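Hello,

Here is the structure I promised to pass on to you. Please have a look at it first, and then read my notes below.

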Amino acid sequence: MTDKKKKSTDPKTYKFDTLSLHAGYQPHKNAGSRQVPIYQTTSYLFDDVDHAAALFNLERGGHIYSRISNPTVAVLEERVAALEGGTAALATSSGMSAIFLTIMTLCEAGDHLVVSSQLYGGTVNLFRLTLPKFGVKCTFVKPRDTEGFKKAIQKNTKGIFGELVGNPGNEIMNMPEIAKIAHNAGVPLIIDATYQTPYLCKPIDHGADIVVHSLTKWMAGHGSSMAGILVEGGKFDWMQNDKFPTMTKPYEGYHGLSFAEEFGPTAFTMKARAEGMRDFGPCLSPQNAWNVLQGIETLSVRMQKHCSNAEKMVEYLLSHESVAWVSHPSVPNHPDHDLAKKLLPHGKGSMIAFGIKGGKEAGEAFINNVKLASHLANVGDTRTLVIHPASSTHSQMDVATLKFAGLSQDMIRLSVGIEDFDDIRNDFETGFRAARRPRLVSNQ
Amino acid sequence: MKFKVNGVEVFASTGGRPFDKKKPLIIFVHGSGLTHMTWVLQTRYFAFHGYSVLALDMPGHGLSGGESLKTIEDMANWISDVIDAVGYKEASLVGHSQGCLVILECAFRFPKKIKTLSLMGGAGAIPMNPELLILAENDDPKAVDLMMDWAHGPAGHFGGHPVPGLYHINTGGMLAKSRTIKNTLGIDFRACDNYKNGFKAAKEIKIPTLSILANGDKMCPVKEGKKLADLIDGSKVEIIDNCGHMMLLEEADKVLNILKKFILTYFPIKKN
């Protein structure tokens, strides 16, 4: 086939960078406004009683009340669904509420989940302490123990959950293999891909069925707004077994509607919105949705800079006398280096964990003396961020749980920003110098 | 609901209401390679407003059993069999794209059974792009990607679905990939390409007919839809702006409003 002929059969659907700027929005339906308008409203006029009834009964698409949906938020939802290769998405007030809503849509009391052990501390506590109060139990499996996920499946298991690259240890789940395990068991694979964004990895392409994000992080980038989202892949067959009666059986809350029958590849999102947003209500504000949209417009260029700075940082840390160890999937001796090459071809992300020589005290001195890098409980900002997980994000864990989560007392978690790399390096030199100085005794 | 037609189990969405034989019947027929789910923003309205609805999965498609039917004529006969199987004597038919050929041929063959025709993105013939046809017959997913590209108008490519959060290019693609492409899309495309009776059938249609066309439709352009409509006595034509072939998703509300007005006028609910 000639190049010319080949071109004629290539789809002309928009690609990633174009979708980042345009997906989900048509100016001609919004007074020609080139920018997405902020619909700062709680509710929407009905044409007449019939129209109102049709909206409430899911006979027509449209908006009723901003807890359930909002036109600005809907643009964000469609945009992320388009970027992830998903069929539908539902934005929430935070990443944690996206996870909670996902689990509440999937599970009932008496159900069980298989969960990766290396997660953000808040997520660990949700699965370990909070969900059991709702009757949902979890078995934790180390992310590299692929066979362990299979062994942990029970009769009442309703899904497998994990962060593609674990927080904060950078352990990577073998997503394609774990997806097969989930699908052989007739349950969906849910992946938190906050660290990657769809620019680095689209989990749906590797077998994930539902993707969740904290949009607060790299997707927004600016660190100004909390937001989360769940994205549906559309491939999972809810009707293949009797594990998901709330998806497949008539639902009393909507005149006997079966979400799976009626909405097929968007059934999960429809249920999460119609039931979850209605009953739990963790809705995203239109202002925050708009703020996140501003960030997504530059997602690919930011991620390229994040990744290139991260690679320079890895090189710098690896050769530094004050550094005991460095964990980043780009390092050739990282246990998941080959898997990372397969799953993260456009870059290995900007999260680095490293151990500082001198242990906990040296780590504290480092963090107290860097000035450009911000010491705070967030990741994925355009600015460089540092934290000592054992004393902050994961501080609610006991020693045994910390160890199981792969954490050590000397670990510094670093989210590399997009500043000029020389400036970040100079700042780190200041921090390392302080860490090497003999401790001052402050309580004499 | 599931029921049997000629011994084969068939699935049809009833629009979220129990199927009630006392109500007038509207049958929705999907396009090539798709399923009943393309109609979700039209069927539920009618199901909740006095009609019995069957949004069918054609044999071998979606949740229906059996194998895909190989000709438009076989599909037209099958629609007639569906009407018999659910115990009705008559029905109003709504079709999209290939579904238009099917219901047109059905009305031609069974004029007493069919009370109205609603054609969305229809034409008297749908010759297929040869490359697209071969890709589909070879089970190449690119056939679906191309179909989704060509089936959506310029505005539809940006999204902006009436159902919040739903991205319809990916949703349509997922529907078309839900079964083996060569056994659904491949067979359907070949059936469309082979069908030659559309214009002859149109001349014989004597029932109220509506054509909903879209000015951004590259698969069944407005001029082809009008050519067909001109052959049908008293046929009505409505054209939707800024919209492509997937009008029932791209402009679901406008389509529903037009369809509602037509069906309530020409296939009204009989009041006791």
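This is a predicted model: local features need pLDDT of at least 70, side-chain atom pairs count only at pLDDT 80 or more; totals for chains, interfaces and linings use all residues.

**What I found**

You will find B:Asn6 in the loop between β1 (2–5) and β2 (8–13) of chain B. Its backbone is worth a look, as phi of B:Asn6 is near 50°, a positive value in a residue other than glycine. Most residues other than glycine have a negative phi.

A:Ala31 sits in the loop between α2 (16–22) and α3 (49–56) of chain A. Is A:Ala31 buried or exposed? A:Ala31 counts as exposed, because it has 7 C-beta neighbours inside 10 Å and the limit for exposed is 12 or fewer.

Now for the overall layout of chain A. Chain A is divided into domain 1 (3–296) and domain 2 (301–435), and the C-alpha centres of these two domains lie 29 Å apart. Their contact takes 27 residues from domain 1 of chain A and 33 residues from domain 2 of chain A. On the side of domain 1 that touches domain 2, α6 (121–130) and α9 (197–200) of chain A each supply at least two residues.

In chain A, please also look at A:Ile418, placed in the loop between β12 (411–415) and α18 (421–436). A:Ile418 counts as buried, because it has 21 C-beta neighbours inside 10 Å and a residue needs 20 or more to be buried. Leaving out residues up to four places away in sequence, A:Ile418 touches A:Arg302, A:Lys305, A:His306, A:Asn309 and A:Thr382.

In soluble globular proteins, nonpolar side chains tend to be buried together. The largest nonpolar core here has 229 residues, and B:Ile27 and B:Ile79 touch the most other members. Helix α4 (residues 71–84) of chain A gives the largest share of this core, eight residues. At least three residues of the core come from each of domain 1 (3–296) and domain 2 (301–435) of chain A. Not counting residues up to four places away in sequence, B:Ile27 touches B:Leu54, B:Leu56, B:Ile79, B:Val82, B:Ala91 and B:Leu93.

Last, a helix pair in chain B. Helix α5 (residues 142–151) and helix α6 (residues 168–176) of chain B pack at an angle of about 140°, with their axes 9 Å apart. α5(B) and α6(B) are therefore oblique to each other, and their crossing is right-handed. Where they meet, α5(B) brings B:Val144, B:Asp145, B:Met147 and B:Met148, while α6(B) brings B:Ile169, B:Gly172, B:Gly173 and B:Ala176.

Note on methods. Residues are numbered from 1 along each chain as its sequence is written. Chains are lettered from A and ligands numbered from 1 in the order in which they are written. A nonpolar core is a set of buried Ala, Val, Leu, Ile, Met, Phe, Trp, Tyr and Cys residues joined through C-beta atoms within 7 Å. Helices (H or I, at least four residues) and strands (E, at least two) are DSSP runs, numbered from the N terminus. Domain bounds come from an automatic or database domain assignment. Two residues are in contact if their C-beta atoms, placed from the backbone, lie within 7 Å. Axes are lines fitted to C-alpha atoms, for helices over the stretch in contact, and angles run from 0 to 180 degrees between N-to-C directions. Angles under 35 degrees count as roughly parallel, over 145 as roughly antiparallel, 65 to 115 as roughly perpendicular and the rest as oblique. A crossing is left-handed if the near helix is turned anticlockwise from the far one by less than a right angle, and right-handed if clockwise.
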